[in-house]
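Today I am looking up charged side chains that pair up. Where do they sit, and what do they link?

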Amino acid sequence: MTFRCLFVFLLLTSSVAAAEIPMVPLPTKMKIQQGAKLDFPQILTAETPDDPTWATHLAIFGERLKWMTRGEHQLQFADGEHALLTFTHSAELRPEAYSIAVTSNQIQVAASTVKGLAHATATLLQLIGSDNSKSIPQLQIEDSPQLTYRNLMIDMGRNPHSIELLKETIDLLWFYKVDSVQLHLTDDQRIAFPSTAFPKLWDGVISVAEFKDLERYAVERGVTIIPELEVPGHSELLRRVYPEVFGKTATDLTQSETALKGIKTLLDEMMAVFPSSPYVHIGGDEAFGVPENLQRDLINKLQAYLKSKGTETLVWEGPRAGTGDNRVHPEVIHLNWRTINYPADEMVQNGHRVVNAAWDPLYLVDHYPRTNFTMTSPQHIYETLSLTRFKHVNPEIRTYANPIEVEPTDKLIGFCMPWWEGREENFSSQAFPRLIPFAEVAWNPNVERNYDDFKSRSSLAEKARSAAFYPVSIDATNLIVPADGVFEHSTLVTLKMAEIAGRSSSSFEIRYTTDGSEPSLESTRYESPFELTRSATVRATAFSAKQAIGHGSRCNLVKVNGQPNLALHKPVTSSATSGPPFSVQRITDGGTDNLGFYLGYPADPEPIHLTIDLGSVQSVKQINVFAYSIAGSFEKYRVETSTNGVDFEGVTARMEKPADPTVPAEHHFSPREVRYVRLLSHGNKGYVFNSFSKIIEVQVF
């Protein structure tokens, strides 16, 4: 089996019966008209905009259009009202609103800002590229987001993320109409912001010039970068490096005028680098040991300062509301993430605007620095994300069993999906598949949820996005769990450059690496397919005239050596959804590495049913269960068997933590006739959150 690696989680699950006009997110209002379709000529003439910022964005759109259509359709500016594409500045439209009218001979676009224009061009890329269309029907789209705050957060304070990955992410957000990206720039482990006032803080990865270039890159694509400086909690590095400024303790930091001046200096530097953001995030959470009255005083002082600069203040759910002069100012916007110490309904009652950043289903955590993960599946995100519901993933927290439901109100302004503690090598494979369903629901929480329809639309949209932004495709053979990039023994990797009309293939070259590093002109030049016999992260970039073209492609490939047994490579079903790179088929893929687990949620209060079909009735006398284990954690489960898939009988269990845990847990019993093996998993107990099942492998003998 040959398999294309880039963002395949959706391509695998697309159905033949895709929507007539597949787009993600669905427009809030669209009407298909009767009449002849609009056929695309090779040159798509576009009326030259008066606004140079619009012209810049449309030039970027034209470049992506050319790559997406392999050069068959190219944008060219032209004067006159007879251009194929016309662009109108309509001041009456809201900042993110746009309209598109397609007639038999013209596409008319209207917006009031570059953001609205960017949403329109993202829609055009999907309309033109989702099905390699040579034409589109006449239609009318009037579209705008129902929520103004739709944000992805990237934690750069635990692990570095390269400028290239950030640009790749901005293009993803543009394509799926996500408004902003929040950069968590400071934490106890590292500080990613290159302060000139406090140079010893910087981690040395991204310079001021590069961040300014990133800001330009984002603005041109209609995406806002929101900077975050975390105080008074998560400020250990600030205080360790500059104790004379920020104090020795977090409490010192809240009380010192010198520290306050230092914080304001850092905020000034951030606002100078990211001037387009209407917000600055100042942290405000997990300030353990700092009296809450001091936390609130600091938040209010910083809010007043930022307001004087024309900027609004964001904080994480932190100290409780307070009273009188010590109450958090009602203009402070709160990101409610666990709804415990300051529940979301109380925030609303106290007049705060609230962003829903609830653990279930929004948190994506690649736990630092450990080999553990917490995140729900793309399907769970799509089906359960609700603006008014605030739920945790930890059964030990009351909002797990009893989520807080807030009455609909305009105080609920949107969502934030946080990527916490993560490593860059995991970001695209884990965050990208989950960002896409988030984008659709965040655009319009009232959208009718049909996951099969969403998969069909998003698979076609992903084909268009891959063609527009990734000139090189990565294909791998012999994948036994394609969505997770799992192969057995060896795989043959083929890199292919898109053929561009009018450009000779000899004018491009592909450079690649297999160690996860970014390809350069010094990296191995691709000449022919190559074999891998070990796990690897393949990255490939196209170069022309020594310049990188588009984004580099990447693919995580995982080698397994399966021990022969009756369950090896047999199909598995689950009562709970999962998603790459933790798909349910991992439990019979042959891999027994501690990281190759299925990640199922929720396994509490009812267990997850995992059913393996052996294909025929066979004699079974032993079942081995490999489960994720770290720091003494253990999987709690029962094992049942059946001959018909209906009537199951229990054969063994591990419901208590073993005194001497072994990997695997070997379960022996008298021989019996079996076709179906079912595990009832109650979750991985004793480490982080007990509601996730983490089965690595099941062997049947």
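My entries on salt bridges follow.

**Entry 1: the total.** I am working with a predicted model. I searched the whole structure and got 35 salt bridges. I remind myself that side chains of opposite charge can pair when their charged atoms come close.

**Entry 2: a pair within a helix.** I looked up Arg240 and found a salt bridge with Glu236. Their closest N and O atoms are 2.6 Å apart. Both residues belong to helix α6, which covers residues 236-241. They are 4 residues apart, about one turn of the helix. I also checked Glu236: its relative accessibility is 29%, so I noted it as partly exposed.

**Entry 3: a pair between loops.** Next I took Asp484, which forms a salt bridge with Arg586. Here the closest N and O atoms are 3.3 Å apart. Asp484 is in the loop between β24 and β25, and Arg586 is in the loop between β32 and β33, so the pair ties together parts 102 residues apart in sequence. Are these two buried or exposed? I found both Asp484 and Arg586 buried.

**Entry 4: a pair between strands.** Arg675 forms a salt bridge with Asp613, with 2.8 Å between the closest N and O atoms. Arg675 lies in strand β36 and Asp613 in strand β33, so this pair ties together parts that are 62 residues apart in sequence. Arg675 has a relative accessible area of 25% and is partly exposed. Asp613 has 18% relative accessibility, so I wrote it down as buried; the cut-off for buried is under 20%.

**Entry 5: a network.** Which residues join Lys167 in a network of salt bridges? I listed Asp171, Asp213, Arg216, Glu220 and Arg221.

Terms used
Residues are numbered from 1 along each chain as its sequence is written. This is a predicted model: local features need pLDDT of at least 70, side-chain atom pairs count only at pLDDT 80 or more; totals for chains, interfaces and linings use all residues. Side-chain values use heavy atoms; hydrogens and water are left out. A salt bridge is a side-chain nitrogen of Lys or Arg within 4 Å of a carboxyl oxygen of Asp or Glu. Helices (H or I, at least four residues) and strands (E, at least two) are DSSP runs, numbered from the N terminus. Buried means under 20% relative accessible area, exposed over 50%, partly exposed in between (1.4 Å probe, protein chains only).
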